[in-house]
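Reader: Can you put the model up? I have some questions about the inside of it.

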Amino acid sequence: MGIDAPVLRGGRLSRATISTYAAGSIGTGGFATLPGLVLTYYLTDSLGVAALMAGVIVTVAKVWDVVIDPVVGALSDADLARHGSRRRLMLVGAISLPVLFALTFAVPPALAPAAGAVWVLVAFVLTATAFSLFQVPYIALPAELTDRYDERTRLLTWRVVVLTFAILLFGAGGPLLRKATGDPTTGYLLMGVVAGVTIGVGMLVATAVARRGLRARSAMAAAGTSAAEQASLVADGVGDAPVHPIGRDASTPGGGIRDNFRAAFETLRRSQPFRALLLTFVLQALATGLMLAGAQYLATWVLRSEDAVTLLFVALIAPALVAAPAWGVLARRIGKERAFALAATLFLVAAGSTVVALWAPGTWLYASVAVAGIAYAGMQSLPMAMLPDVISHDARLHGPGRAGAFGGVWTAGETTGFALGATVLAVVLAASGYVERTAGENVTQPDAAVAGIVLSFSVLPAALVLLSLIPLARYRLRRDDIESHAG
C-alpha cells in the first residue's frame with residue numbers, strides 16, 4: 001500500500017495554497033490564448049502559408065497532445081506513488097517551455113512558406129509537449145488538496161480569476177508586443193520571448209504547491225504526527241494540505257505505454273459523470289477555440305483594424321474578471337451544474353448575436369463580446385471545480401491513484417477542442433476563398449471570406465455550445481453525492 005497522506009478534511013485551504021496554485025494559470029492561460037489567437041494568423045498572414053495547411057499544422061500539434069497527455073498522466077501518478085509529489089514533471093515543463101515557445105515565432109524571414117511551416121510545426125509540437133508535462137499534473141492537484149465541495153469551488157474560482165487575467169494579459173498584450181518593433185518578423189520574435197518567459201515563471205511558481213504537500217507531510221511524520229492529526233493541523237492552518245493517498249497497487253499503472261493508455265481509457269469507461277463533463281467541455285473548447293482563432297481575422301477584415309483584436313480581448317476579459325467570483329457564489333447557491341448550464345446559455349446567445357456583423361459591422365460588437373466574457377468566466381471556472389468532484393467520486397468507488405489519468409484525458413480533450421477550433425476556422429477560410437499573404441503584402445479578401453470569418457465567430461460557436469448542453473444534462477453528481485462522503 002502507499003503513503004497515508006490524507007487530503008484536507010473539514011477546514012479551509014490557506015491563502016498561500018490558493019494563490020500559489022492560481023499562479024499556474026498565468027502559464028496555462030498564456031499558452032491557451034496566444035497561440036490560439038495568433039498562430040494561424042502568423043502562418044497565413046506573415047509566412048504566406050495556405051489557410052488549410054496552417055490548420056493542419058495547428059491540428060497535428062494538438063493531436064500530439066492527445067497521444068502524450070494520457071502518458072504524462074500515468075507518469076505523474078507513478079511519481080506521486082514513488083516520491084509523494086507530482087512536482088518533477090511540472091518543473092521540466094516549466095523550465096523548457098519558454099525557449100520552445102520563443103522558437104515557434106522565430107522563423108527566419110528568408111525561409112520559403114513550406115520550410116517556415118515545418119519550422120513552426122516542429123517547434124510547436126515540442127512546446128505542446130513541455131506544456132503537457134506541467135498541465136496534466138497541475139490539473140490533478142485540486143482533488144488532492146481538499147475533499148470539500150465548496151473549497152474546490154473556492155480554489156478553482158480564484159484560479160479562473162488569474163486565468164482570466166492571464167487571457168487579458170496575453171490576448172491584449174501579445175498583439176501590442178508584436179507591433180512594438182514596427183517590423184512583423186522581429187515583433188513576433190519579441191512577443192514569443194516575453195510571453196514564453198512569463199508563461200514559464202507562472203508555471204514555476206505553481207510547482208511549489210506540489211512540493212508543499214510532501215514537505216508538510218514529511219515534517220509531521222518525522223515528529224510522529226498521525227494521519228488524522230496531520231489533517232487536523234492542516235485544517236487549523238498549521239501546514240498546507242498534503243497530497244492524496246496513493247500507492248502502487250493493482251489499480252496503479254505499471255508504467256508501460258499500453259498500461260498508460262489503458263488507465264486513461266478506463267477512466268472514461270467507468271465514470272459516467274466524467275464522460276458527460278468531458279464531452280461538454282470539449283464541445284465548448286471547440287467553440288471558444290474557434291472564436292479565439294477567428295478574433296484576429298475579425299479585427300483585420302471586419303473591423304478593418306489589425307489592432308482591434310486588443311479591444312476585443314479587453315471587452316471579453318474585463319467583465320470576466322469580476323464575473324468569475326460571482327459564478328462561484330451562484331454555484332454555492334444553486335449547484336455547480338445548474339450554474340454551468342446558465343453560463344453556457346448566456347454565452348451562446350451573446351456569441352450568436354455577433355452574426356449581425358454580416359450586415360452592420362461596428363463598435364457594438366464589443367458589447368456582445370463583453371456579455372460573452374461574463375459567461376466565459378463561468379464556463380471555465382465551473383467545470384474545473386466539477387472535475388475534482390468527479391475524481392474523488394471515482395476514488396471512493398474504485399480506490400485512489402488515478403487523478404493523473406483523469407488529468408491526462410481532460411487535458412487531451414481540452415487541447416483537442418481548441419485545436420479543432422483552429423481547424424474548423426482554417427477549413428472555413430479555405431472554402432470561402434481566403435487569400436493568404438506574406439508580411440507587408442496588401443491583399444483584398446472576397447466577400448465570401450469575410451462572411452466565413454463572421455460565421456466562424458458567431459453562429460458556429462453558438463451551435464456548438466447549444467450542442468454541449470445535451471451531455472451536461474446527463475451529468476449526475478450533485479452536492480449531496482460529494483458532501484455525504486467528505487470528512
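Predicted model: local features only at pLDDT ≥ 70, side-chain atom pairs only at ≥ 80, totals over all residues.

Reader: How much space lies in the largest cavity?

Author: About 560 Å³.

Reader: Which residues lie nearest its centre?

Author: Ala32, Thr33, Leu292, Tyr376 and Phe418, out of 38 residues in the lining of the largest cavity.

Reader: And which elements give two or more residues to that lining?

Author: Helices H1 (15–45), H2 (51–83), H4 (113–140), H6 (149–180), H10 (272–301), H11 (308–334), H13 (365–398) and H14 (403–431). The largest share is that of H1, with nine residues.

Reader: What is the lining like by class?

Author: The largest cavity is lined by 24 nonpolar, eleven polar and three charged residues.

Reader: Switching to aromatics. How many pairs?

Author: There are 13 aromatic pairs. One of them is Phe31 with Phe131, a stacked pair with 4.3 Å centre to centre and 20° between the planes.

Reader: Why does that pair tie together parts that are apart in sequence?

Author: Because Phe31 belongs to helix H1 and Phe131 to helix H4, the pair ties together parts 100 residues apart in sequence.

Reader: Are Phe31 and Phe131 buried or exposed?

Author: Phe31 and Phe131 are both buried. Another aromatic pair is edge-to-face: Tyr297 and Tyr434, at 5.3 Å centre to centre with 80° between the planes.

Reader: Where do Tyr297 and Tyr434 sit in the chain?

Author: Tyr297 is in helix H10, while Tyr434 is in the loop between H14 and helix H15 (447–457). Tyr297 and Tyr434 are buried.

Reader: Last topic, helix H12. How many residues does it have, and what is its reach?

Author: H12 runs over residues 336–353, which is 18 residues. From first C-alpha to last, H12 reaches 26 Å, close to the 26 Å expected at 1.5 Å a residue.

Reader: Which residues of H12 are buried?

Author: Lys336, Glu337, Ala339, Phe340, Ala343, Ala344, Phe347, Leu348, Ala350 and Ala351.

How values were computed:
Residues numbered from 1 in each chain as written. Heavy atoms only, no water. 1 Å grid on protein atoms, 1.4 Å probe; cavity = no way out; pocket = protein on both sides within 12 Å on 5 of 7 lines; lining within 4 Å. Points joined across faces, edges and corners; volume = space filled by probe spheres on them. Helix = DSSP H or I, 4+ residues; strand = E, 2+ residues; numbered from the N terminus. Nonpolar A, V, L, I, M, F, W, Y, C, P; charged D, E, K, R; others polar. Expected span 1.5 Å × (residues − 1). Buried < 20%, exposed > 50% of the residue type's maximum accessible area, 1.4 Å probe, protein only. Phe/Tyr/Trp six-rings, centres within 6.5 Å; stacked < 30°, edge-to-face > 60°.
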